[in-house]
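Please examine the sequence and the structure shown below before reading on. The briefing that follows treats domains, chains and helices in turn.

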Amino acid sequence: MNLKENDEKLIDIRNLTITTSSGQILIKDITLDMEKGEILGVVGESSSGKSLTAKSILNLLPEGLHWEAEKFQVMGLDYLKEDPDKIRSFIGEKIGYIPQNTGNYLHPMIKIKDQIADGYVLYAKESMEEALARAAKLVSAVGIRDTDRLLNSYPWQLSGGMRQRVNIAMALMNKPRMIIADEPTAALDSTVQRQVIDLFKIVNQNHNTSVLMISHDFGLIKYYCERILVVYAGQIMEEADRDELFNNPKHPYTKALIKVIPSLNIKKDERLQEIKGNVPDMRVPVKGCVFKDRCPYRKEICDTEVEDKLINENHYYKCHFDL
Amino acid sequence: MLNYIFKRIIHAAEVLFVVSLITFAVLLWIPGDVAQLILGSDATPEKLEALRISLGLDRAWYLQYWDWLKGLFRLDLGQSYLFGQNVTTLIAQRLPVTLSIAVFSMLIASVTAILLGSLAAIKKNTKTDYFVTGLMQLGSSVPSFWIGMLCIVFFGLKLKIFPITGYVPIEKGFIPYLNSIFLPSFVLAIGEIGMLLRTVRTSMLDSLRQDYMDMAKVKGLPKVTVYLKYALRSAMIAPINVMGIQFAKLVGGTVVIESVFSLPGLGRLILVAVEQRDIMLLQGLVIFITFLVILISLIVDIAVMFLNPRIRVQMEGE
Amino acid sequence: MGKNKMKVNKKYHLLVGGILSFLVLSLCLVSFFYTPYPPNEMNLSDKFISPGDSGKYLLGTDHFGRDILSRIMYGSQSIVIVCLLAVAIGALVGSVLGGVSGIFKGRISSLIMRGIDGLMAFPGILLAMMMVVVVGKGKEGAIVAISIFMVPSFARLVYSLILDSESNLFIKAAKSYGITRRRLLVKHYLPIILPRLITLFTACLGAAIMIETSLSFLGLGVQPPNASWGMMLNEARQNFLQYPYLAIPSGIAISLSVLGFNLLGDGLNELFTKRRS
């Protein structure tokens, strides 16, 4: 956990908890800090709550879910106090979102050019021509050659990879101060993957844009992120700078993930076969450690309690033992 | 996709054929002698026989049907014995009234249903939603002729805003015309809003759940844009289909409404034909109205295809 | 939280619909044994008495001095009998037609379904009016007219349900065991079809009441002096500009009974859908 007190934080969330209407806890006490210009990676298996965390920042929690937190500030804007309309336009202006590619994030009945540019026209107060010129530039930056044809297409005329590149270009339209990317490269082949990630790095360096990247792909996160959060069953298991995390992993789950890396290709929606057992059923509150059922080091104490440990101000993990 | 249009037209033609067969068969079974009906009870047997032959009633039913069918292709629906005029002429005289009411009430119903249905979907499970859906339930349970009578008393007699009865053709001025058809159209629309509103609400709810709505929100677009540009666009396909079906029901519904407001439209003509057992007139009216309805639903189907760009572009590719 | 509210809403459909339908049915039953006055008894000295004017007539009297309450009660008989019977006949014929074309397929099926498509193409009460010409005005005409109107919905429902359940694994398995057709129908198709039939039946009752009252409003249904709600409204037309109260009770009676069966249909639909999922 990053304990530096600093008002200039990009994201300052304390003890975020997300529950369903029936009281099921999906995310418990997640604390998230981000500095300006930082690239933060969140890694975990699917349904570990990593996407939900991102969606709470984007004010997109699905209906029926409820969040609460001790503190929830993004770029100084207090989500706990601010009016929803203000939050909405704030997000539109300052944050770019690259969604998981599995969904239909582009409207099937609207041409690309009419949906890629509307946010930009609104917030940059530019003309439509100017917006389309910018869109063409960004679209070619993510590796699309025939930009004219692409902009005049409907989403369903494009392949999954093409659509995802449109999403990425769309997120960059407003020169956002922060990008939230949820499995941004899942549908792309490895060449384009590299191209896109390099583009993120360029944007990050040139405009000091922060990136919050969510992935199940530990290899990608390792290559790309400066600081990493390991999430499991709605809780943070371990948090550290990249090199620290890989040289000195403390939590059994992190260790297991690192061991799995060489295969590098965890398929989405598939639990990690290499780690025995399942993500616990979150409808029943878990006593003690949430990872205990799959943990090779399980002791009796894990059934009743779990300990937060801080090795130094940049390295946190949630386990009794010092392995 | 042209293939689809072709199939759809073939289907419509089939249905029309079945409809003509049913209409003809049903009215063939009518008890009593048509010649007797026309000439009255004091006609001599010779005269009756002569009329039967001239009407072709002595021939086999399929020959009669064939003749009638051939007439249909020439837009000749036969003679009304009651009016002594061509059925086609009678229809042409009264069509503007019925069509005005049907189109106008469809307009009222669509606009109301789209507005209120979207509102109910956006405010799902709130008091607004319950109020709107409850009102719609009530609206589709109240018989139009009763509402019509109440409206005549309230708007016509108490407030004196609208004329109570009668029809003013559009040639005599647009405002008087509008005045004369507004109340009947409005009353007819009340019964139609319910089902349409339900469809709009359901498909709007579905559309609001889509991922692209998330994206529109994240882009910080104003609510109006989000709902109008993104949500309503994909939510309109199912309601347009329903509108086609509704229109058919509406044309039938004018029978009652025209009776309440004493309007000289097709509905009144049907009622007269039924009461006086003017078979040729009834046959002609039924086949004409049904043809109109089938044609409209065909057009709506094809229109929906064109509205849905996915299908449209596939078609261009062919 | 949203979910709980939805549940309340569903129960409310079933409850209100049930109560209203029950009221209509009991009104009909009571009218067989008791009405305040004989429904067709004219009393010209007591005509056009407004509901409040005399203690004798709760809902007032009409242009012949007949007691409106008694006529409303008596009129419920024609609604209940005509509509129940008509929908039952329509349901039976429709289900048989749909069932036959679903099970036998081939030529018979396409012939029947074409006919159904044709029937469905007739707009509104046009078909009903045509049947009235054939059968004649009155109860019988109304029953035939309404039942024909109901045939397509039932035929289509049964047909599509059978086609859907063809792909059902249970039924595939049962067929491979060489089960007889009758057992197949009773043990496997019926449990799928019956709830949907009941739902459609209830919903159709609402529509049937609409048609019946429309027909009798147009003077094509139940004939005078017998009372029916639609005809009472028709009779009220001559005098309701002076005596608006004439048009109130029968209008409310029609609206509430249609609303009742519609709500009950919705409620049943939601109930069965929930159970299936």
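**Domains, chain contact and helix packing**

Chain B is divided by the domain assignment into domain 1 (2–73) and domain 2 (93–308); such bounds come from an automatic or database domain assignment. The model is predicted, so local features need pLDDT of at least 70 and side-chain atom pairs count only at pLDDT 80 or more, whereas totals for chains, interfaces and linings use all residues. Residues are numbered from 1 along each chain as its sequence is written, chains are lettered from A and ligands numbered from 1 in the order in which they are written, and side-chain values use heavy atoms, with hydrogens and water left out.

**The two domains of chain B**

- The C-alpha centres of domain 1 of chain B and domain 2 of chain B are 33 Å apart.
- Their contact (heavy atoms within 4.5 Å) involves 18 residues from domain 1 of chain B and 15 residues from domain 2 of chain B.
- The size of an interface is often given as the accessible area lost when the parts come together.
- Domain 1 of chain B and domain 2 of chain B bury about 1600 Å² between them, 80% of it on carbon and sulfur atoms; buried area is the accessible area (1.4 Å probe) that two parts lose on being put together, summed over both.
- Within domain 1 of chain B, the residues that lose the most area to domain 2 of chain B are B:R8, B:L16 and B:L27, which together account for 30% of what that side buries.

**Chain B against chain A**

- Chain B contributes 24 residues to the contact and chain A contributes 29 residues.
- About 2500 Å² is buried between chain B and chain A, 62% of it on carbon and sulfur atoms.
- B:M215, B:V218 and B:K219 supply 25% of the area that chain B buries against chain A, more than any other three residues.

**Helix pairs in chain B**

- Helices (H or I, at least four residues) and strands (E, at least two) are DSSP runs, numbered from the N terminus.
- Axes are lines fitted to C-alpha atoms, for helices over the stretch in contact, and angles run from 0 to 180 degrees between N-to-C directions.
- Helix α1 (residues 2–28) of chain B packs against helix α13 (residues 279–307) of chain B at an angle of about 165°, with their axes 10 Å apart.
- α1(B) and α13(B) are therefore roughly antiparallel to each other, since angles under 35 degrees count as roughly parallel, over 145 as roughly antiparallel, 65 to 115 as roughly perpendicular and the rest as oblique.
- The contact of α1(B) with α13(B) comprises 19 nonpolar, five polar and two charged residues; Ala, Val, Leu, Ile, Met, Phe, Trp, Tyr, Cys and Pro count as nonpolar, Asp, Glu, Lys and Arg as charged, and the others, Gly among them, as polar.
- Helix α7 (residues 144–158) of chain B and helix α11 (residues 237–260) of chain B pack at an angle of about 25°, their axes being 9 Å apart.
- This angle makes α7(B) roughly parallel to α11(B).
- In this contact, B:S144, B:F145, B:G148, B:M149 and B:I152 of α7(B) meet B:V256, B:I257 and B:V260 of α11(B).
- The axes of helix α5 (residues 87–122) of chain B and α13(B) come within 11 Å and cross at roughly 50°.
- That angle makes α5(B) oblique to α13(B).
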